[in-house]
Amino acid sequence: MRALTLHQPWASNIVYGGKDVENRTWTRAYRGPVMIHAGQGRDRTAMANSPDDLPRKDVHGAVIGVALLIGTHHRCDGRCSPRWADPGCWHWEMSAPQPLIQPVPARGQQQLWVPDAPLCDRVRLQLPVNVFEGWRSW
């Protein structure tokens, strides 16, 4: 299991808003479940342009959901949503977002980070039993 800290509203857009591409300047070989952690920062322009009814966009410092990181690529080949993919970035393909019933407070980190066992346990308690079945890293 890994976690990714994002500024708001990007974290909420992955979990609730259909954002299926996360833009990064770097890539990793990891594939599998990723906790979506809403960090303390916010993108003020994106916040002003996000829908008022986007769930949890005002939550900071907590895991708000889990998604599958299913792949990364550097150039769009027609698979990317033009709404979310920034040219010149690594596009992290996110799938099957699972919102948590209640945000789980946590301190975020830079890069793709490994959450401790107690955080993993608190997040797993809010997910369906068979979610992400077949992913060994879960």
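**Close-up views of selected contacts**

**View 1. Arg24 forms a salt bridge with Glu22, with 3.0 Å between the closest N and O atoms.** A salt bridge is defined here as a side-chain nitrogen of Lys or Arg within 4 Å of a carboxyl oxygen of Asp or Glu. The structure is a predicted model, in which local features need pLDDT of at least 70 and side-chain atom pairs count only at pLDDT 80 or more, while totals for chains, interfaces and linings use all residues. Residues are numbered from 1 along each chain as its sequence is written, and side-chain values use heavy atoms, with hydrogens and water left out. Glu22 also meets the side chain of Lys19 in a salt bridge, at 2.7 Å from N to O.

View 2. Helices (H or I, at least four residues) and strands (E, at least two) are DSSP runs, numbered from the N terminus. Arg124 is partly exposed at 32% relative accessibility, and Asp121 is partly exposed at 44%. A search of the whole structure finds 3 salt bridges.

**View 3. Trp10 and Trp84 form one of the 2 aromatic pairs found in a search of the whole structure.** Rings of Phe, Tyr and Trp (its six-membered ring) pair if their centres lie within 6.5 Å; planes under 30 degrees apart count as stacked, over 60 as edge-to-face, and the rest as tilted. The Trp10 and Trp84 pair is edge-to-face, with 6.4 Å from centre to centre and 90° between the planes. Trp10 lies in helix α1 (residues 10-15) and Trp84 in the loop between β4 (62-73) and β5 (90-105), so the pair ties together parts that are 74 residues apart in sequence. Trp10 is partly exposed, at 28% relative accessible area, whereas Trp84 is buried, at 8%.

**View 4. Trp26 and Trp92 form an edge-to-face pair.** The ring centres of Trp26 and Trp92 are 4.8 Å apart, and the planes lie at 90°. Trp26 is in the loop between β2 (21-24) and β3 (32-42), and Trp92 is in strand β5, so the pair ties together parts that are 66 residues apart in sequence. Trp26 is buried at 15% relative accessible area, and Trp92 is buried at 1% relative accessibility.

**View 5. Strand β5 pairs with β2 and with β4.** Two strands pair if DSSP finds at least two bridges between them. The pairing of β2 and β5 is antiparallel, over 4 bridges, and Arg24 has Trp90 in β5 as its bridge partner. β4 and β5 also run antiparallel and are joined by 9 bridges; in β5, Pro99 stands opposite Gly65.

**View 6. Pro115 is located in the loop between β6 (112-113) and α3 (117-124).** Pro115 is buried, with a relative accessible area of 7%. Leaving aside neighbours within four places in sequence, Pro115 is in contact (heavy atoms within 4.5 Å) with Met1, Arg2, Ala3, Met35 and Cys120. The C-alpha atoms of Pro115 and Asn130 are separated by 20 Å, and these residues are 15 residues apart along the chain.

Methods: Buried < 20%, exposed > 50% of the residue type's maximum accessible area, 1.4 Å probe, protein only.
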